[in-house]
Amino acid sequence: MKIAVIGAGVIGVTTALELASHGHDVVVYEKGSGIAQQASFATAGFIGPAMMNAWTAPGLPFKTFRKMLLGAETHAFHGLTSIPLSWFWQWQKASNHPFYKLKLEALQRLAFYSQEVLTGITEQYGLQYESSQGCMLICRQEKDLKAFQLQLDLMTDNGISFKKLDPVETRKLEPALSEEQSFHSAVIFPNDAIANCRQFALLAKQQASLLGAEFRTGQEVLALTPDAPRSVRTAAGFTEKFDHVVICAGIHSKALVKHLGIHIPSLAVYGYTLSSSVRQLIDAPVFGVMDAKHHVSIARTGQRIRVSGIAEIGLNKKPPEQCVALLYKVLNDWFPGAAKTHEAVQVWRGTRDVLTDGVPILGHSGVKGIWLNTGHGNHGWATSCGSARAIADMVSGRGCEVDLKGLGIERF
Ligand SMILES: Cc1cc2nc3c(=O)[nH]c(=O)nc-3n(C[C@H](O)[C@H](O)[C@H](O)COP(=O)(O)OP(=O)(O)OC[C@H]3O[C@@H](n4cnc5c(N)ncnc54)[C@H](O)[C@@H]3O)c2cc1C
């Protein structure tokens, strides 16, 4: 079949790879000049089910709202009009227990499956990209651990391995942790990992091209129209008809399908990473480390240290370089000698497309031939390969290997 994929972030590229490996004729449209230049550009790199956080939890919306109003460093909003109250209301509803538990389970299931598919693809095509094994959550105080307890209970129920450590045990595994920083405990997730999203996306694109997928960069697709939803029209004036169209356009997916009567309740939540060369390997983290209080991660990928965090609603007009003080602080708290922060540091502001219930939309849109693989929020790298395989299986009329309960568009 002839299939169009719209968007060449990690979701679009992996979808194209899976569809091409099923023998379809695939055309990928990307409005940017290259692959993985938007949300997939400089992610923190976390993959695996343990760190999945749907950003829904009992009481979380009001806590977040309060933090934003009080101007906490971890959260920010810019301009009162940027607070979409209906979105907050739906978020509040989705955060109620046990709804929240079902969503987190769905996300963990998808991330677990995705990791299996990623490992399979890596071996099958012999891909080599920067990666390291193991992630760790560090709790400054007991209350940080308590806040994570519901998630740990769910992991126990679902067979995800972890181990709680006291500070002495933690320092043995992570010897570069600053001696000056005291903390309560850590939780280690041996099966989660860190890997370079953009590097993987570029390799997956090469592989998809070898299988016949065509990547048309610099081609913006206009919103799909009800009279001919499977006719892809570009801003440059070209039109082509397909048997199926898969929407993988990140935060722009909403606008692409709105004239088809498909409502995607996504919100742009901005985040930051700073990336800098490793100063001394001995001072760098071994694991992907997450500071539970500030929700800031620190990880080494290859010769780089990457620090990531912050949730902003409404575009901050300040240059990204002026918005990352918290990231420097957390890095200096835990690994003060790890990175060459006095030299060229890449500071990146990325957009997470976050849905009201924090899990992606995967499946048929309800309009003939139009499929959705979007709304991946804070976890699109971790869920990419599994989502791509599931969509390719569905489009090809095969059964899915993963249970997608709770991930369809019909839930909205
Ligand atoms: C600071 C930060 C840290 C993160 N860390 C992690 C992490 O550790 N682990 C993890 O799993 N996830 C992480 N994420 C989330 C992850 O980055 C995203 O979920 C993922 O990259 C989404 O991929 P995507 O392909 O859906 O979107 P994108 O990468 O944004 O790709 C969408 C593409 O569609 C194109 N497009 C849009 N509209 C059109 C159009 N009309 N025509 C043609 N092309 C179009 C865009 O140009 C873009 O290239 C992080 C995000 C941020 C912001």
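Which residues of the largest nonpolar core touch the most other members? Point 2 takes this up.

1. **Basis.** This is a predicted model: local features need pLDDT of at least 70, side-chain atom pairs count only at pLDDT 80 or more, and totals for chains, interfaces and linings use all residues. Residue numbers start from 1 along each chain as its sequence is written.

2. **Core.** Ile6, Val13, Ala16 and Ile247 touch the most other members of the largest nonpolar core, which has 119 residues. Helix 4 (residues 99–125) gives this core its largest share, 11 residues. A nonpolar core here is a set of buried Ala, Val, Leu, Ile, Met, Phe, Trp, Tyr and Cys residues joined through C-beta atoms within 7 Å. Buried means that 20 or more other C-beta atoms lie within 10 Å of the residue's own; exposed means 12 or fewer, partly exposed in between, with C-beta atoms placed from the backbone.

3. **Ile6.** Beyond its neighbours within four places in sequence, Ile6 contacts Tyr29, Val221, Val245, Ile247, Cys248, Ala249 and Leu256. Contact means C-beta atoms, placed from the backbone, within 7 Å.

4. **Overall fold.** The protein chain has 10 helices and 18 strands. These are DSSP runs numbered from the N terminus: helices are H or I, at least four residues, and strands E, at least two. Of the 412 residues, 47% are buried. The C-alpha trace spans about 65 × 45 × 45 Å along its principal axes.

5. **Ligand shell.** There are 40 residues around the ligand; Gly7, Gly9, Gly250, Gly350 and Gly380 come nearest. The criterion for a residue is a C-beta atom, placed from the backbone, within 6 Å of the molecule. Helix 1 (10–21) and helix 10 (380–395) are among the elements that each supply at least two shell residues.

6. **Ser297.** Ser297 lies in strand 14 (residues 296–301). Ser297 counts as buried because it has 26 C-beta neighbours inside 10 Å. Leaving aside neighbours within four places in sequence, its contacts include Ala44, Phe46 and Ser308.

7. Strand 17 (residues 361–364) and strand 18 (residues 370–374) run antiparallel, joined by 4 bridges. Strands pair if DSSP finds at least two bridges between them. Leu362 has Asn373 as its bridge partner in strand 18. The hairpin leaves 5 residues between the strands, and Gly366 in the turn has a positive phi of about 100°.

Technical notes: Two residues are in contact if their C-beta atoms, placed from the backbone, lie within 7 Å.
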